Amino acid sequence: MTQPPHDETATSEREELREQVDHTRDKLGLTIEALAGKADVKADALGRASEVREKAAAKAGELKEKAADLAHQAHDRLPDPLKDTAARAAEQARTKTAAAGQLWQEKAPGPLRQKTAHGARSAQDNRKVLLATAGATALVWLACRRRKG
């Protein structure tokens, strides 16, 4: 009767089974983590929102750069006499505005001056828009003048 060899076989089989159980447990843990990651809808939505936000910011930067380039191209294409006329008109507007402002300070009541000052600050903050509008107005005026003349 050889009992010891049988015990060695049983022991090695137990070790193999333990290793298989440990391996299966590790794989199961990884699978559960992967499923939990897929089930985390909030984190997935936040990640996608972040991606969309980054893409939108990049696209806005591209569009802003393109608009600035087009504005420079349009400015470069204007004939010099038109640029000079627009510059003179702008200077006249500045001069008349200064004179009107002086008169306003002398004649207008205090609360009305405060509201007007607030509007003037807003206009200064949006100076580019106002200048573009003035330029467009000058172009329309010149075009109408040429048609009549």
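## Fold and model

Helices here are DSSP runs of H or I at least four residues long, strands are runs of E of at least two, and both are numbered from the N terminus. The model is predicted. On that assignment the protein chain holds five helices and zero strands. Read from one end of the sequence to the other, the order of elements is α-α-α-α-α. Among these helices are H1, which covers residues 3-39, H2, which covers residues 41-77, H3, which covers residues 80-107, and H5, which covers residues 127-148.

Mean pLDDT for the protein chain stands at 82, with 95% of residues reaching 70 or more. Within the chain, H1 has the lowest confidence, a mean of 81, and H3 has the highest, at 86.

## Overall dimensions

The radius of gyration of the protein chain is 39 Å, whereas a compact globule of 149 residues would come out near 15 Å. The C-alpha trace spans about 130 × 45 × 20 Å along its principal axes.

Of the 149 residues, 3% count as buried.

## Charge

The protein chain carries 27 positive and 22 negative side chains. The centres of the two sets are 25 Å apart.

Three salt bridges are counted, with a side-chain nitrogen of Lys or Arg required to lie within 4 Å of a carboxyl oxygen of Asp or Glu. They are taken in sequence order below.

Glu15 is paired with Arg18, and their closest N and O atoms are 3.5 Å apart. That distance meets the criterion, because the cut-off is within 4 Å. Both residues belong to helix H1 and sit three residues apart, so about one helical turn separates them. Glu15 counts as partly exposed, because its relative accessibility is 38%.

Asp22 and Arg25 make another bridge, with 3.3 Å between the closest N and O atoms. What separates Arg25 and Asp22 along helix H1? They are three residues apart, which means about one helical turn. Arg25 has a relative accessibility of 52% and therefore counts as exposed. Asp22, at a relative accessible area of 39%, is partly exposed.

In the remaining pair, Glu91 bridges to Arg94 with the closest N and O atoms 2.6 Å apart.

## Lysines and through-space separations

Lys66 lies in helix H2. Its relative accessibility of 54% is why Lys66 counts as exposed. Along the chain Lys66 and Ala86 are 20 residues apart, and their C-alpha atoms are separated by 24 Å.

Lys83 is placed in helix H3. Is Lys83 partly exposed or exposed at 25% relative accessibility? Lys83 is partly exposed at that value, because the exposed class requires over 50% and the buried class under 20%. Lys83 and Glu51 stand 32 residues apart in sequence, with a C-alpha to C-alpha distance of 44 Å.

Lys128 is found in helix H5. With a relative accessible area of 74%, Lys128 is exposed. From Lys128 to Asp76 the sequence separation is 52 residues, and the C-alpha to C-alpha distance is 17 Å.

Notes:
Residues are numbered from 1 along each chain as its sequence is written. This is a predicted model: local features need pLDDT of at least 70, side-chain atom pairs count only at pLDDT 80 or more; totals for chains, interfaces and linings use all residues. Side-chain values use heavy atoms; hydrogens and water are left out. The radius of gyration is taken over C-alpha atoms; the globule rule is 2.2 Å times the number of residues to the power 0.38. Buried means under 20% relative accessible area, exposed over 50%, partly exposed in between (1.4 Å probe, protein chains only). Lys and Arg count as positive and Asp and Glu as negative; His and the chain ends are not counted. The place of a charge is taken as NZ of Lys, CZ of Arg, CG of Asp or CD of Glu. pLDDT is the predictor's confidence in each residue, from 0 to 100.
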